[in-house]
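Take a first look at the fold and its open spaces. The notes below go through them one by one.

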Amino acid sequence: MFEDRCKEGRELLERMKKPLIVNHYDCDGVCSGSLVKKGLLGLGKSPQNRTFRALDEEVLKGLRDEREIVFVDFGGSMGEKIEELLPDSKVLIIDHHQVKESKVLQVNPFLFGIDGGNELSASSTAYCVFGEPKLADLAIVGSVGDMQDPFIGWNRKVLEEGIKAGEITCEQDLRLFGRVSRPLISFLAYCTEPYLPGITGSEEKAAAFLGDVGIEVKKGENWRKYGDLNKEEKRVFVSGLVRHLYSMGRGNSARELIGEVYGLPKRPIGTELSDAKEFSTLINACGRHGKPEVGIGVCLGEEGAYKEASALLLRHRKALRDGIEFGSRAVEDYGKFYFLDGRGIIEDGIIGVVAGMLYSVISRDKPIIAIAYYEDGSVKISGRATAKLVKEGMNLSKLLHTATEGIGLGGGHNIAAGGKLEPNKLNEFLVRVGTELA
Ligand code: C5P
């Protein structure tokens, strides 16, 4: 049973002294790496973190001198390679990607028939290993970062334990980014998820919308945020947005405005850290722009980390806005899928995020495949689908794995997957994707 494997994982951690935590660089990777660090500190250990964009043979070879290693948010399919390249190390893998069982001890929901794509992130899996309610906030932020909300199954159990412990709140409300930290005008003008036609990109138009619905943007000297509005003002605000989106032919976006939102009442109120979604974007901003250690510092509440992360967030949001602006012009309809060529324009670290956000401007009836350059000039692939497509049978992990066979690497989840292509193999890859989807 999954619970027994979690217990085995915890017992192995208890036998370690100074483990190296090797974690992935996205939000779930940084949150799970931080959660494991916090959990190990609680057990009196002296852990360190190292963050990587991907786990491959080169990375494993570089870990040969490490005696105790915990792989988090990757490693699931690398068990045999780990055995071969790190035979003298004590190793635990905590992952939620599709997996191959090996002799290396692995805590992974997929080994027990639990869907790691939507029921447990690496962070919530790591939470299950420690079972400490005070770690629930990082578990939930990691799951939100991997777009697993609204939560079902095991994630729901983690959420409920977090709520009971006073670490998390859960309510139905507007799901737009910036509910708690952004002044109303920039809240709307910088809203990209969904894209608000006629508002996104213009502070003047955002202010005009707020004037039309009769919401005051300032109280005295202070700019008001959505979280400052009273119940009636929130209702007026949301119904104004719904009307606006319907009038622009964006009924799909309007229906997604409201949903479960998760608050983190023990983190500083009024900052990004008090809302799971904003927290997750802040961590992505750190990890995806080469500063995962700042993200880990934020997760662990270290002094100064939040300030540094806020500066990275500004850069991240600008890169996303520019990426979406470019993407909405450049995205092409390839029949069975959308294709975005972001090479030389969009950084590899955010191409997947941009691809996912493009669903606010493209129709949601097919997957999107986007590409960018890695620093070494090879091609990075990111695929994104929608929950509805997954329900109808879409599996991007399988698609990218098959379409890159012999010409690269690919994998991930049903709804979000990634990969890498060898030089000059793009055409072959695209033809294969088209054939697989036909
Ligand atoms: O890089 P991107 O954000 O597009 O990746 C989407 C998902 O696919 C992530 O969960 C990542 O861990 C996974 N992935 C993978 N194997 C790869 C590349 C990405 O499992 N080669």
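## The second largest pocket

Which strands each supply at least two residues of the lining of the second largest pocket? They are β6 (169-174) and β9 (258-263). Strands here are DSSP runs of E with at least two residues, helices are runs of H or I with at least four, and both are numbered from the N terminus.

The second largest pocket holds about 300 Å³ of space. It has 18 lining residues, and the closest to its centre are Glu171, Arg179, Val180, Gly263 and Ser274. Seven lining residues are nonpolar, five polar and six charged. In this count Ala, Val, Leu, Ile, Met, Phe, Trp, Tyr, Cys and Pro are nonpolar, Asp, Glu, Lys and Arg are charged, and the others, Gly among them, are polar.

## About the model

The model is predicted: local features need pLDDT of at least 70, side-chain atom pairs count only at pLDDT 80 or more, and totals for chains, interfaces and linings use all residues. Residues are numbered from 1 along each chain as its sequence is written, and side-chain values use heavy atoms, with hydrogens and water left out.

## The largest cavity

Rolling a probe the size of a water molecule over the atoms shows where empty space is left. Cavities and pockets are found on a 1 Å grid over the protein atoms alone: in a cavity a 1.4 Å probe fits but cannot get out, while a pocket is an open set with protein on both sides within 12 Å along at least five of seven lines, and lining residues have an atom within 4 Å of a point. Grid points are joined across faces, edges and corners, and a volume is the space filled by probe spheres set on the points.

The whole structure has one cavity of 30 Å³ or more. The largest cavity has a volume of about 100 Å³. Of its 14 lining residues, Arg175, Glu260, Val261, Asp275 and Lys277 are the closest to its centre. β9 and α12 (276-287) are the elements that give two or more residues to this lining. Six residues of the lining are nonpolar, one is polar and seven are charged.

## The ligand site

A side-chain N or O atom of Arg384 is 2.9 Å from an oxygen atom of the ligand. A backbone N or O atom of Gly418 lies 3.3 Å from an oxygen atom of the ligand.

On its own the ligand has 460 Å² of accessible area, and the protein covers 80% of that (Shrake-Rupley method, 1.4 Å probe).

## Single residues

Ser181 sits in the loop between β6 and α8 (184-189).

Asn424 lies in the loop between β15 and α18 (426-437). Asn424 is exposed, at 80% relative accessible area. Its phi is positive, about 60°, although Asn424 is not a glycine.

Key:
A polar contact is a pair of N or O atoms within 3.5 Å; within protein, one must be able to donate a hydrogen and the other to accept it, and residues adjacent in sequence count only if both atoms are side-chain atoms. Buried means under 20% relative accessible area, exposed over 50%, partly exposed in between (1.4 Å probe, protein chains only).
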